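The sequence and the structure are shown first, and a description follows.

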Amino acid sequence: MNVLIDKFDVFAGGFWLTLQICILAAIGALVLGAIVAVLRISPVPPLRALGTGYVNVFRNMPLTVVMFFAAFGLPALGSNADFLRIPVLDSLFTRLGTDLPYFRFALIALVLYTAAFVCEALRSGVNAVPAGQAEAARSLGLTFGQNLRYVVLPQSWKASIVPLGSVIIAMIKNSALVGFFGVVGDLSQSADQLTSAEGYAFVPVALGISIGYLIMTVPLGTLLDRIEKRQAVAR
Amino acid sequence: MSQQTSVLYDVPGPRQRRITLISSVVAGLVLLVGAYFLIYRPLDEKGQLSMELWGPLVDPSNENFSLVWERIGLGFKNTLIAAAMAIVASLVVGTLLAVLRIQLKSLSQRTFTGLATPLAYLLRGLSWLLSAVTRVCVEVFRGLPVVLTIFFVARGFPEFGVYLDNLWYLVIGLTVYNSVVIGEILRSGMEGLPGGQAEAASAIGLSPAQTTRMILLPQAFRIMLPALISQLVVVLKDTSLGFIISYEETLNIGKQIIGALENPIQVYVVIAVLFIVVNYSLSKLAQYVQRRLARGRKTANTPAQNPPPAALMSQAEGGAGTGF
């Protein structure tokens with residue numbers, strides 16, 4: 001069990017790095033997912049097709065493939081994803097600005113993949129608003145934009161929270177994959193490093209790593225359960 | 001889809017149709033130009049569209065064509081085998097888990113009248129404890145990334161002197177996660193059933209085990225079928241994680257091909273298309289089943305059932321997976 005104490009800084013560092021990826025990817029995925037969701041419900045057919053295509057492609061593809069694309073495809077195109085070296089952010093999240101591009105690649109893959117699910121979560125929220133609401137808004141003469149802004153979206157947030165939350169939980173779990181794609185020092189890569197290269201006993205390391213992930217996922221899951229129960233009563 | 005969007009705006013009149021047409025054309029042009037400059041041009045400049053790189057994958061007369069596709073076929077077969085084994089195992093374990101949790105929950109609420117008081121308390125405490133333990137197990141395994149369960153199984157089993165094929169590590173790792181998810185799907189399906197079902201069953205003299213087996217489980221399976229099929233998609237996607245324990249599935253084979261031919265983008269495009277085709281058909285199947293079930297329920301005129309919790313449904317869809 002000594003490894004948990006001796007290498008506490010490795011576990012803590014891994015946890016912090018995983019948390020960084022999750023925060024950045026969650027922000028990116030929420031923004032991109034919202035854009036795709038708007039595309040998917042827009043009245044212009046080509047944009048709708050683009051949104052639908054995006055969701056179908058990324059939802060049906062393993063994240064592993066997306067990661068491979070980002071980690072091997074982007075370098076083949078000569079890109080180091082330098083556009084992610086955002087001035088203020090990279091002083092806060094130092095990995096964004098490093099010369100090794102794998103953190104940025106992993107981030108891109110995670111955002112692209114999760115955005116498809118975010119889009120579906122948002123859309124399921126819009127679908128959950130009773131049709132009569134939108135119809136009433138239309139008969140008042142509101143346009144598409146006004147209809148969304150004043151009537152549908154304010155109500156759909158509520159129904160979107162729980163699906164969005166489970167998408168974020170799934171994303172946190174998916175972020176474990178980045179350790180196998182060249183990101184050094186996150187929780188899952190630390191597991192590999194400690195057990196194989198540094199030869200620590202397997203069980204305590206596995207325990208420590210698991211706790212790291214459970215700290216993030218279980219409270220969020222419990223919170224969602226509670227919100228869901230409360231909503232069920234309110235409805 | 002068309003029905004859903006039409007709720008948000010009126011059936012377009014002539015002017016609106018004109019506006020839509022014009023904006024469609026403009027948006028289409030913008031998309032095409034964007035695709036040309038952002039996708040086609042960079043690919044072309046780097047020579048990624050050359051026949052040298054694509055040839056082995058799309059040109060039957062290429063010397064490597066049959067070999068490459070033989071390997072990809074083998075990899076895809078391995079992917080399907082692992083996915084099939086994992087889904088069957090998860091279904092079995094998940095069903096057992098769901099039944100166990102339901103039984104334990106009802107046991108822990110029983111008062112055991114007719115037994116000596118200390119014994120009754122002991123039994124009650126024991127079933128409460130077991131129920132808590134299963135609950136914690138479910139929470140833990142649901143909260144762990146699938147990558148890690150696979151990794152832990154592959155690293156941990158040899159540690160305890162259990163040596164298996166890579167296939168088994170992958171299947172066990174996937175099963176640990178997915179059986180818990182499927183168990184929760186089924187459990188919420190059973191708990192969502194109207195209370196009258198179980199009451200009627202015990203009224204005609206069925207034992208609790210019979211009630212679960214003959215009344216609750218079949219209905220739960222039926223309601224949860226779409227979610228279960230979506231979970232199948234998740235499992236299929238998650239088998240691609242086999243590459244971390246060097247199981248020879250599609251992606252691993254892809255890596256070998258790339259090692260020989262040095263065409264990563266092309267190989268990954270082909271593999272992505274394979275996955276998308278299979279998974280898209282599966283999710284269409286799930287939608288079809290859902291629509292049929294909805295129709296069947298309406299005509300059968302059964303009382304409105306509680307829909308499964310959204311968190312579970314969307315987790316099954318995304319899972320992300322889960323997992324994905």
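How many helices and how many strands are there in chain A? Chain A has ten helices and zero strands. The model described here is a predicted one.

## Chain A

Read along the sequence, the elements of chain A give the pattern α-α-α-α-α-α-α-α-α-α. The C-alpha trace of chain A spans about 70 × 50 × 35 Å along its principal axes. Of the 235 residues in chain A, 49% are buried. Contacts between residues at least 6 apart in the sequence of chain A include 72% that join residues at least 24 apart.

Ile41(A) belongs to helix H2 of chain A. Is Ile41(A) buried or exposed? Ile41(A) is buried, because 23 other C-beta atoms lie within 10 Å, and the cut-off for a buried residue is 20 or more.

## Helix pairs

| Helix pair | Axis distance | Angle | Handedness of crossing |
|---|---|---|---|
| H2(A) and H8(A) | 10 Å | about 135° | right-handed |
| H6(A) and H8(A) | within 7 Å | roughly 150° | right-handed |
| H5(B) and H7(B) | within 9 Å | roughly 120° | left-handed |

Helix H2 of chain A covers residues 8–41 and helix H8 of chain A covers residues 144–174; they pack at an angle of about 135°. H2(A) is therefore oblique to H8(A). In this contact, Cys22(A), Ala25(A), Ala26(A) and Ala29(A) of H2(A) meet Ile168(A), Met171(A) and Ile172(A) of H8(A). The residues of the contact of H2(A) with H8(A) comprise seven nonpolar, no polar and no charged.

Helix H6 of chain A, residues 102–128, crosses H8(A) at roughly 150°. H6(A) is therefore roughly antiparallel to H8(A), since an angle over 145 degrees counts as such. From H6(A), the contact draws on residues including Leu110(A), Phe117(A), Ala121(A) and Val126(A). From H8(A), the residues taking part include Val152(A), Trp157(A), Pro163(A) and Met171(A). By class, 14 residues of the contact of H6(A) with H8(A) are nonpolar, six are polar and none is charged.

In chain B, helix H5 (residues 117–143) and helix H7 (residues 166–192) have axes that cross at roughly 120°. H5(B) and H7(B) are therefore oblique to each other. Val138(B), Phe141(B) and Arg142(B) of H5(B) meet a set of residues in H7(B), among them Val176(B), Tyr177(B) and Glu184(B). The contact of H5(B) with H7(B) has six nonpolar, one polar and two charged residues.

## Chain B

Chain B contains twelve helices and zero strands. Buried residues account for 35% of its 324 residues.

Which residues of H10(B) are buried? They are Thr250(B), Leu251(B), Asn252(B), Ile253(B), Gly254(B) and Ile257(B). Helix H10 of chain B has twelve residues, 250–261, so at 1.5 Å a residue it should span 16 Å, and the 16 Å between its end C-alpha atoms agrees with this. Just after H10(B), Glu262(B) has a positive phi of about 55°.

Ser246(B) takes a positive phi of about 50°, although it is not a glycine. Ser246(B) is exposed, because 11 other C-beta atoms lie within 10 Å, and the cut-off for an exposed residue is 12 or fewer.

## Where the chains meet

The two chains are in contact through 55 residues of chain B and 57 residues of chain A. Helices of chain B that each supply at least two residues of the side touching chain A include helix H2 (14–45), H5 and helix H6 (146–159). The largest share of that side, ten residues, comes from H11(B). By class, the residues of the side of chain B that touches chain A are 30 nonpolar, 19 polar and six charged.

Definitions and conventions
Residues are numbered from 1 along each chain as its sequence is written. Chains are lettered from A and ligands numbered from 1 in the order in which they are written. This is a predicted model: local features need pLDDT of at least 70, side-chain atom pairs count only at pLDDT 80 or more; totals for chains, interfaces and linings use all residues. Axes are lines fitted to C-alpha atoms, for helices over the stretch in contact, and angles run from 0 to 180 degrees between N-to-C directions. Helices (H or I, at least four residues) and strands (E, at least two) are DSSP runs, numbered from the N terminus. Angles under 35 degrees count as roughly parallel, over 145 as roughly antiparallel, 65 to 115 as roughly perpendicular and the rest as oblique. A crossing is left-handed if the near helix is turned anticlockwise from the far one by less than a right angle, and right-handed if clockwise. Two residues are in contact if their C-beta atoms, placed from the backbone, lie within 7 Å. Ala, Val, Leu, Ile, Met, Phe, Trp, Tyr, Cys and Pro count as nonpolar, Asp, Glu, Lys and Arg as charged, and the others, Gly among them, as polar. The expected span of a helix is 1.5 Å times one less than its number of residues.
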